[in-house]
Amino acid sequence: MIFSALNVAASSLKTQQKAIDVVSHNIANVNTPGYSRQKAELGALSAEQLGAFDFGRGVELGSISRSVDQVVNQALLSNGPQQNYWQELKTGLTSIENVFGSLQSTGLAAAMDDFFFATQQMANAPEDAAQKFNMRTKSTALTTQISSMSNQLQGVQQAADANIDQHLVSANNLLTTIGSLNVQIRQHEGTSQGLIGAANDLRDQRDQAVRDLSAFMPVQDVRTATGGLLLQTVSGDLLVQDGEVRQLARGAVGANGNFQSIVIAGTNTAVSGLDKGGKIGGSIALRDDRVGGYIKDLDNIAVNLSFAINQANASGVGSSRVSQLQSGLGVANSALSVSDAAQNNPFAGQIQSGSFTVHVFDAAGVPLTPVSKATINITAGVSSMASIAADINANVPGVTASVDVSGKLLMNAGANTVGFSDDSSNFLAAYQVNSLFQGSSAASLKVSDAVQADAGLISTGQINLTTSGINMGDNRAALLMVDLQNKPASLDGATAVTLSGRTSLLSTKYGNDVALASQQQSFFQAEASSLNQQRQAFSGVNVDEELVSMIKFQRAYEASAKVIQTTNQMLDSLMGLIR
Amino acid sequence: MRVTTTQMYDNLLTGVNKQLAIQAKGNEQISSGMRFQRPADAGLDYKMSLDLRHAQVGVKGSLDAVKTTESRLGASQTMLNSMKNIMVRAQSLAVQQSSGGLGAAERSAAAVEVGHLLTQFANDANQKWQGQSLFAGTAVDKAAFTPDALGNYTYTGSNQDRIVAISDSLKVTSNIRGDDPSFAAAFAALQDFKSALQSNDQVALQTSLSSLNSAGNGMIDLTSEVGGRLSALSVTRTSFEDMQFTLNKRINEHEAVDVPAVVAQLQQSSIALQASYSQISQVKSLSLINFLR
């Protein structure tokens, strides 16, 4: 029986030591992300029956369990995609705040105001060459601002797309890790202890990996009875099943026309639902919806500004005229109607049946005699660039016209000069003949080459339709430009808004997007903080607790050692009887 | 609820970050003097600022346009006054020369003076302001009146007025055009008066007296019209100046930071920040480790 006591005490020594190992493991991992505190589950060894009595055989370590609240874990899994989605958006949006200017320098809004201020000054002193130089400078500043903003935003789109690539690499690494952990957990729990849930640290690592993955994309996890884990996207695309991993890759150019879609590697099917959350979703939203939207708004500002101003400029005349000109935009097919949508001209739809008049002046600037002008008729849906060139050749005295290889209209008056008036068809503005602006989008918008070379070509007055006369103080064309400042316009089919209104709306839209992203990010961060607190409360390591446990196990260890010592003394006493 | 040291540190760190953010924002507001600076700070407030500045630029443009119109009309008024004085002198001469006691010699001498008056009148009518003909309409590079071989002046300017855009919705005429009948009547009256004097025609002189009076009245009417327009412009200018003052005040109210409030907030945040720092250093001593020997 004395030996039984020794065995019982020995079992205690062994068990308390193992329990202290668990405490030590907890303290060592007090700062390990995703670690769940573990607990040594002690149990009495089955009793030995001797005669009428059951004698205990000591203690053993039954299992080591981890403290996990699956409800909190699931909530964290839902929170991760949202928090990271808004964080990614907020970071991306904040990084482009310089594009939208500040009150110190309001950027586009100031450039637009300066442009119309210069227009007004030019209108009120049309004979003043300095005002035209100023107008050209402000026009250049405005177009540079618009194209620069567009280019910067396109750069941000590219950067967001590159971020998606990086996020995909990280997500794929995590998917691989999860698959690998699935295999390890199955092997560990199948062979080592034969208990489901025994691979505590591996399970912690897998839970953490899934949470990390949810920072990149929203996922659904399904746990199997054997400890396995099936992971899929919110739209049901399988990502991980036990050890099998399906990685994400870039596919073909998507519906947005510019960027590659995201597919399951080895397939051509785009993964849906990725834009619902996570860093990948945040980058997609930043790239396509937010920045893409700003670029679209800028394009609308550019086309509305360009067409409206060009309409006034094209039918007007400045202090000088050209002898040769090339239209700013060309046609895709010179035999096709200039108003056809297939011409890839955003203004083609504005062309209507009507006419414009070409006036010819001699080298001294006097209207040509006996005929100084000709009216070119345009029939929407019928007149082509080739037919218009032919009409000019046939009717305008001393002027030859042709269509160049890029589909642009060329006119050559030799030693004479040409001017235009009374364009009721919108052809001149749509194809940017005698225009102030050139280009069909925010990125390509610029002051026309001709005006860059000679500011006198900016129209202020209008040529007299009857006499082809020009008055230096005439400001009818410039007044039409002034009127555009607060005139609602819409070439994009949306609600008509003034140009300055569009500009301030763009800044407001951006500001509201940042505010929403900040507010949502703060909300989900607070939620994450609360959930992490709850997780810490349930699964976190409290050093004080562990130290108390350590003392408890240490004392038990010491007591058991005392039992052995006492038993040894008893054996000594017994052996002394024999001597 | 179990509390771990990690939770305590996390909570304190969150508080520190929050207070630091308040400090950073407050410092930015104090140093710039503005409540917000970027659209990201306050989207709708930023839009309001842009709208106010847009209106401010508009008012500045309007005031510039009013000044342009005032100076153009002011120069016209000066010339019209001069032309009116010429007509007054011509009328005085006509009264003198219509007296039956005067002979051909005296009238011939008077005709010379009337010739000078006519030339002076033509000079005034062709007067340029900043290099542009005042009374030639939009044909500012041309003389408003050109004499033919017989010395009769005809209008050679345009039939378009010089319109100034005060704003996109308010446009005013900034000139008096030489094809106004008053100019032709004045030229004709002076020319006829000169001819009557040269021909010593008593009846024609009587007729000239009447036509000079009528033409003089025409010039007075034109001068009055310009004066009326200038008065109206003065009212317009005052209203735009008031608007400019109101806009400046509104922008200041809208954008300027409430310094005392921000300083108080910074002070409050500073205390909270110091308390957090102090507490962080305290947490490390609140552990059983420190009591186990």
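Which residues is A:D221 in contact with, leaving aside its neighbours within four places in sequence? I looked this up in the model, which is predicted.

**Entry on A:D221.** I found A:D221 in strand β5 of chain A. Beyond its sequence neighbours within four places, A:D221 is in contact with A:L77, A:V210, A:L229 and A:L231. I noted that A:L231 lies ten residues from A:D221 in sequence, with 4.6 Å between their C-alpha atoms. I then counted 19 other C-beta atoms within 10 Å of A:D221.

I traced an open sheet of four strands in chain A, ordered β5-β6-β7-β8, with antiparallel pairing. Strands β5 (219-223) and β8 (244-245) of chain A are at the edges and have a single partner strand each, so one side of each lacks a neighbour in the sheet. I recorded that helix α5 (residues 200-214) of chain A packs on this sheet and touches β5 and β6 (229-233) of chain A. The direction of this helix makes about 160° with that of β5(A). Strand β7 (residues 238-241) of chain A is joined to β8(A) by two bridges, and A:V240 stands opposite A:V245 in β8(A).

**Entry on the cores.** I looked up the largest nonpolar core, which has 135 residues. A:I146, A:A171, A:I178 and A:L213 have the most contacts inside this core. Helix α6 (residues 278-314) of chain A gives the most to this core, with 17 residues.

Definitions and conventions. Residues are numbered from 1 along each chain as its sequence is written. Chains are lettered from A and ligands numbered from 1 in the order in which they are written. This is a predicted model: local features need pLDDT of at least 70, side-chain atom pairs count only at pLDDT 80 or more; totals for chains, interfaces and linings use all residues. Two strands pair if DSSP finds at least two bridges between them. Two residues are in contact if their C-beta atoms, placed from the backbone, lie within 7 Å. Axes are lines fitted to C-alpha atoms, for helices over the stretch in contact, and angles run from 0 to 180 degrees between N-to-C directions. A nonpolar core is a set of buried Ala, Val, Leu, Ile, Met, Phe, Trp, Tyr and Cys residues joined through C-beta atoms within 7 Å. A residue is buried if 20 or more other C-beta atoms lie within 10 Å of its own, exposed if 12 or fewer, and partly exposed in between; C-beta atoms are placed from the backbone.
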